[in-house]
Amino acid sequence: MIKKIPVLDLKEGQAVSGKSGMRDTYQPLQTVFAPSSSPVEIAQGLKLNGADELYIADLDLIESKGHNVNEIKMANTILPVMLDAGVKDVESFSFFLDYAFKIIVPTETLEDVNELYKIFEKYPKERIVISVDVKDNGLYCKKLDLDFKEYKKILKELDPAEIILLDISGVGTNHGYNKELLDEFEDMKDKLIMAGGLNKESIDELEKLGIKKVLVGTSLHSGEITII
């Protein structure tokens, strides 16, 4: 059965929701798993409903506007957290290992490919998750001068255990998965975690295609789909 990993986006100490990566418009998250938008309460509700892992994106850290590390550390005592905190280099990766079980290295914030190599040299693969961030069907990166094919070649060399394919344009839209993006990474299918706008129908399709893991936010918190 495909594994559904719940998603929480944090901003100013609470879980928030929004669409298509327009982070300034995000509102407090309303979820079936807790009576409030407290990350800790939601993590407890998720665990009670069968979750065994939790993806957290700290939007404040990603945008260099503060942090939610205390909430993340508390949530990590309830469920092992896969954390996107806007890692830029090996130094920031090392810092966040104290707050979560797995640390995501996103193309959005990575400053230099050499830093990615350093991370893989220094730390075990089970604690590293690559995030291939996509916006408008292009590789979304602020500092890297790379396209899909060039970055994929690097990933082949590093052989990560898990690769998130995150279609930022699809976040919160519930419109399904990005077929072109999946086709691009077809030969790395056993490592993929699909993310961005997934609904029940698309998750069923991905399971039939052999995808083993997905990140789910909107459709899970609304009660449209269940964890197990």
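This is a predicted model: local features need pLDDT of at least 70, side-chain atom pairs count only at pLDDT 80 or more; totals for chains, interfaces and linings use all residues.
User: Let's start with Lys152. Why is Lys152 called buried?

Analyst: Its relative accessible area is 14%, and the cut-off for buried is under 20%. So 14% falls below the limit and Lys152 counts as buried.

User: Where is Lys152, and what is Lys152 in contact with beyond its sequence neighbours?

Analyst: Lys152 sits in helix α6, residues 148-158. Leaving aside neighbours within four places in sequence, Lys152 touches Glu184, Phe185, Asp187 and Met188.

User: Phe185 also belongs to a ring pair with Phe148. What makes that pair edge-to-face?

Analyst: Two values settle it. The centres are 6.3 Å apart, and pairing needs them within 6.5 Å, so the rings pair. The planes stand at 85°, and over 60 degrees counts as edge-to-face, so that's the label. The pair links distant parts of the chain, with Phe148 in helix α6 and Phe185 in the loop between α7 (179-184) and β10 (192-195), 37 residues apart. Both Phe148 and Phe185 are buried.

User: How many aromatic pairs are there in total?

Analyst: The count comes to four. Another of them is Phe93 with Tyr123.

User: Why is the pair of Phe93 and Tyr123 called tilted?

Analyst: The centres lie 5.3 Å apart, inside the 6.5 Å limit. The planes make 40°; stacked needs under 30 degrees and edge-to-face over 60. Phe93 is in helix α4 (residues 90-96) and Tyr123 in the loop between α5 (113-122) and β7 (128-135), 30 residues apart.

User: How do you know whether Phe93 and Tyr123 are buried or exposed?

Analyst: Phe93 has a relative accessible area of 0%, and Tyr123 comes in at 18%. Buried means under 20%, so Phe93 and Tyr123 are buried.

User: Which residues do ring pairs link into a cluster?

Analyst: Phe95, Phe96 and Tyr99.

User: Last one: which residues of helix α1 are buried, and what do they pack against?

Analyst: In α1 (residues 39-48) they are Pro39, Val40, Ile42, Ala43, Gly45 and Leu46. Their packing partners are β1 (3-11), β2 (14-17), β4 (54-58), α3 (69-76) and α9 (218-221). Just after α1, Gly50 takes a positive phi of about 105°.

How values were computed:
Residues are numbered from 1 along each chain as its sequence is written. Side-chain values use heavy atoms; hydrogens and water are left out. Buried means under 20% relative accessible area, exposed over 50%, partly exposed in between (1.4 Å probe, protein chains only). Helices (H or I, at least four residues) and strands (E, at least two) are DSSP runs, numbered from the N terminus. Contact means heavy atoms within 4.5 Å. Rings of Phe, Tyr and Trp (its six-membered ring) pair if their centres lie within 6.5 Å; planes under 30 degrees apart count as stacked, over 60 as edge-to-face and the rest as tilted.
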